Protein chains: 4
Amino acid sequence: MIRDKVNRIIFGHDTGPSKLFDVVLLWIILISVIVVMLESVPSLQVRFMSVFSYIEWTITILFTIEYIVRIWSSRTPFRYILSFWGLIDLLSILPSYLELIDFGFHYLLAIRIFRLLRVFRILKLVRFNREAQKLLLAIRGSSHKIGVFLMVVVSIMVLLGTLMYVIEGGENGFTSIPQSIYWAIVTVTTVGFGDVVPQTVLGKFLSSIAMIMGYAIIAVPTGIITVELAKNKSADKICEVCNHDNPDDANYCNQCGLKF
Amino acid sequence: MIRDKVNRIIFGHDTGPSKLFDVVLLWIILISVIVVMLESVPSLQVRFMSVFSYIEWTITILFTIEYIVRIWSSRTPFRYILSFWGLIDLLSILPSYLELIDFGFHYLLAIRIFRLLRVFRILKLVRFNREAQKLLLAIRGSSHKIGVFLMVVVSIMVLLGTLMYVIEGGENGFTSIPQSIYWAIVTVTTVGFGDVVPQTVLGKFLSSIAMIMGYAIIAVPTGIITVELAKNKSADKICEVCNHDNPDDANYCNQCGLKF
Amino acid sequence: MIRDKVNRIIFGHDTGPSKLFDVVLLWIILISVIVVMLESVPSLQVRFMSVFSYIEWTITILFTIEYIVRIWSSRTPFRYILSFWGLIDLLSILPSYLELIDFGFHYLLAIRIFRLLRVFRILKLVRFNREAQKLLLAIRGSSHKIGVFLMVVVSIMVLLGTLMYVIEGGENGFTSIPQSIYWAIVTVTTVGFGDVVPQTVLGKFLSSIAMIMGYAIIAVPTGIITVELAKNKSADKICEVCNHDNPDDANYCNQCGLKF
Amino acid sequence: MIRDKVNRIIFGHDTGPSKLFDVVLLWIILISVIVVMLESVPSLQVRFMSVFSYIEWTITILFTIEYIVRIWSSRTPFRYILSFWGLIDLLSILPSYLELIDFGFHYLLAIRIFRLLRVFRILKLVRFNREAQKLLLAIRGSSHKIGVFLMVVVSIMVLLGTLMYVIEGGENGFTSIPQSIYWAIVTVTTVGFGDVVPQTVLGKFLSSIAMIMGYAIIAVPTGIITVELAKNKSADKICEVCNHDNPDDANYCNQCGLKF
């Protein structure tokens, strides 16, 4: 049937036409993202407005057609529409149409940059995807430890920020506890913007301890992830067409026969 | 007996009522911490003063009741009062009462943020706690090596700061040795606020070496922690009710029968 | 034959004369690079112009002779000219000659700093090179995982930058999406220049999350590289004279007899 | 003999008197370092000049006596004087005496901070020292790989700095190649002072790549050190009295009988 064939091309990644479709889509997305970026530069916007508008509408129409075909060819259209990728697909075209009605909130157009996420669906290719899944498994496997670490770090930041607010006070830029916590985050993560810096001796002393600590405790999540990655677990293979869960060493989906 | 039952609910984490108690307490603490934060923002303070005051006093009274019940239900009340958690509990309510007497030092109220630490007692839950203990064991197991590392790093910071003080001098912001050491800490930890920067050629050269070194030696604590975490030691189980030290594979405290 | 002998001295690293040649060349390159650097300092340029010019031309002529001898003595001259090292060799002398014709673009001379890369050919010595190759193998072996990581990080930076552009807007320095993405890169990598900083509450909140994330996810590539390095693969030995691929435990090239 | 006994007390760390000597010396050094620091703070210097002067001269005289006794009791006095620790001991007292003659260069006094290094001789204690030696062994064992890494990183910094000098030019703060290389070091190490920032589009693009790279390649030395630390080599025991090299499991020096 034509619908199944189209489904294979759009949702699959294994046949010749589906690979071609992926590559073409990849390039359109990248061009689209670059146009969204360049459009926001005032000097370019003035000069190339009509060019940007032309490219943008071409891409929006292409994406709209693709969206409709995806719904039409999907075996479970509503599940697709409400799925993560379905919503991203909608988010990629909606702002352009909304712009037609409401010219007020121009920043809305920047939302189209979320089209970038569509790249990740295409990159669900065999080799690339497997590495990504291994990383995900390692991160998931260490999520409890990372969670403990983040809770401790965030608590330190909250307490440090509050102490700095008491020590330094508003006249040195530590105008409120949330503002001081923001400063503590900037400092402990070693970002160090330098827009607010401690002025008192005690504040500098406390910051010094916080900086050395922030510098050293990065060792903890690194150790956690390294140990987890060393286990080198392999992931189950989820069929991208029928969503069936196959074991790691499967070469074909045992439900729909998709080649991994 | 009622006292033992209350003790179980308040100090334990295994029965239905004690779990409910924990969850309710967790939310009250989080709300309380957020109120302390928001209260310090001048614009919000003016607008919502009465709301904040109302929430704050409700929470203080709840915490006071809880504190009294904890003392009453504890088998060893004085040990509880003088324990780490007992002192944190006291610190959570004291500033509000002190504020009633002395309106002078308003910053005192910020101390209430230490209520945040109470969250960690509640989070002494099975899975979460076990991960935290593994991390603690790894950090404790590598404390000697980390100690050596920190001593060397701090010494480098002291020597670098002093050298920069000699090279740059007060006119470039290196006004004293402690101030220069503070700068060295900011630099070696790669925070880099940029409020004080070297101006002389020699100062820039020395900073460059310090920065590259600071950038590379972070590898050392990371390596230490990773190797220690890879050993994956498991912790003894300390009973939270009777403080008895049970082996790692225990499911119940062999003294009071608490389920882990 | 004289040509083969010269080839051995220039391209090989094993005999007495070739080692002497390497050491002399190494020093000339380092002096040359330092001269290029110092020449760019306005105060020194004025004072030592003639000295710099003298050293520079001596080195350029030496490098030119070396380049010609390398072509002459090479068995495959065209392959050498078009090889990576051949192009670097040409790049090392070309700017000086171009400067003679065209005085317009003085910055061109800075290109001579690429002479520095020539050091790496000389450093293709046994022990040093083997370590470098092990590192390269580890990086290559983890390139897929690192690729996934970089893609995710760059995507986060693009989305974060766009969101900050929408939230903060041009008046706070987030003048366009590319500029905001640049800011996001500065922030997530924990560099934190501080020339542009968020001003709105929402912007600071989003930045805080981005900073904590940027601070923690550095653990991922570290874990990847560590696990790969732990495998400690050894590299094949590529003969530097005849480019033959020998096994790891070879002591002599089995084609031309070069001692490794 | 008295000289041997004194030698044991001063150079050894195992007997009761030598341990007492170490602890007393440790405190004197720390006090001395703090005095040197505080003396450099203008406001404190004016107020406590006589106190600082009194403490300083007491310590200088104590250190001078110690230095003389060390020479006298040493079996090889000249070797001691010219050894690393001998020179540090001399450096600890010399500035104070030089100050008596020459009042011109007041900054000279800051050199006394190198007394801090004397702490490390005292800390050559069994447990602490063993950890330090394991770390040193791991760093030494990976020195070739770390060397390769640092060479590549420094080369990247030199090339990046030069490119930024060409792209940005003097009007944006990139006034010379060395200055631009300094900026590249500040950026790639993620310190990011922010006193000089790129202004051109190309400069920002190049910096972005450099920052992401600098952020990611920290993984390499971390991996190297972790793998080396995992080998957990144990160090030979060098006798601190007679410098004899004993195997790792020795409890006493097999030459002079010192207990480790």
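How many salt bridges are there between chain C and chain D? The count is 0, where a salt bridge is a side-chain nitrogen of Lys or Arg within 4 Å of a carboxyl oxygen of Asp or Glu.

Before you click around: this is a predicted model, where local features need pLDDT of at least 70 and side-chain atom pairs count only at pLDDT 80 or more, while totals for chains, interfaces and linings use all residues. Residues are numbered from 1 along each chain as its sequence is written, chains are lettered from A and ligands numbered from 1 in the order written, and side-chain values use heavy atoms, leaving out hydrogens and water.

**Stop 1: chains C and D.** Select both. Here 46 residues of chain C are in contact with 45 residues of chain D (contact: heavy atoms within 4.5 Å). About 3,900 Å² is buried between them, 80% of it from carbon and sulfur atoms; that is the accessible area (1.4 Å probe) the two parts lose on being put together, summed over both.

**Stop 2: three residues.** Now pick C:Tyr107, C:Tyr182 and C:Phe193, which lose the most area to chain D, together 17% of what that side buries.

**Stop 3: helices of chain C.** Colour the helices (DSSP runs of H or I, at least four residues, numbered from the N terminus). H7(C) gives the largest share, 7 residues.

**Stop 4: D:Ser92.** Hop over to helix H5 (residues 84-101) of chain D to find D:Ser92. D:Ser92 is buried, at 1% relative accessible area (buried means under 20%, with a 1.4 Å probe and protein chains only). Leaving out residues up to four places away in sequence, D:Ser92 touches D:Phe63, D:Arg112, D:Arg115 and D:Arg118.

Notes. Helix = DSSP H or I, 4+ residues; strand = E, 2+ residues; numbered from the N terminus. Buried < 20%, exposed > 50% of the residue type's maximum accessible area, 1.4 Å probe, protein only.
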